[in-house]
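Visitor: I am new to reading protein models, and I would like a close look at one single part, with some words on how that part sits in the whole. Could you take me through one piece slowly?

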Amino acid sequence: PLKHLAVPILCDLAHAGPDARAELWRHGAAKTLLSLLEEQAWQSIALNALATWVTSEKNPSRLEAELAKTDCVDAVVDCIDMSDTRSMAGLLAPLLKMLSCETLNKVYAHTKLCAALLLRMEHPEAVVRKSIIEVIQSIYAISDDPRAFIMAHDLISVAERLVSEDESRLVQEQGKLLLKAMYINVVL
């Protein structure tokens, strides 16, 4: 019962300001937030707290280094990989926010995250499919080797299929943006 009170407060501290985040760091809260990713009830707010924390820091290198460790990366990727259809929607915005940190983006580009996301492209909600494309696009945009990234995940055929077959105009348009960016890299 106390956990239901404490976890939201802990997660809210990441939004509270630099002094609160300094205390979170001092008390090892990053590991606690990462451990909450194993529990479906807390995944979304814990990932959101981590994303807010790392993007709000004036000097995020210390937290980025922590979040780039293999066990931390695995916790985030497993959270996405194991999430059910309902909870996936709440995880993508914080994930995209976290990936706005170039250091983390480059780390996640070399994990099974993209493959796990591509498996979710059949999600019934168009907004979730669009968000998945946005996450993949953010990883692709910072990729050290965009051509290799495209080929490793067969992204051109995935995007072409979305543009031609997806029922949602929203998803089709996002697919077109990804396809356009990829064609530039393949041609150049």
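**A close look at one helix**

Guide: Helix α10, residues 126-142, has 17 residues and reaches 25 Å from its first C-alpha to its last, close to the 24 Å expected at 1.5 Å a residue, where the expected span is 1.5 Å times one less than the number of residues. This is a predicted model, in which local features need pLDDT of at least 70, side-chain atom pairs count only at pLDDT 80 or more, and totals for chains, interfaces and linings use all residues. Residues are numbered from 1 along each chain as its sequence is written, and side-chain values use heavy atoms, with hydrogens and water left out.

Twelve of the 17 residues of α10 are buried, so this helix is largely enclosed by the rest of the structure; buried means under 20% relative accessible area, with a 1.4 Å probe and protein chains only. Among these buried residues are V128, I132, I133, V135, I136 and I139, and the list also includes R129, K130 and Y140.

Turning to the whole, the protein has 13 helices and zero strands, where helices are DSSP runs of H or I with at least four residues and strands are runs of E with at least two, numbered from the N terminus. Of its 188 residues, 47% count as buried. Residues 24 or more positions apart account for 67% of the contacts with a separation of 6 or more, a contact being heavy atoms within 4.5 Å. Along its principal axes, the C-alpha trace spans about 50 × 35 × 25 Å.

Conventions:
Buried means under 20% relative accessible area, exposed over 50%, partly exposed in between (1.4 Å probe, protein chains only).
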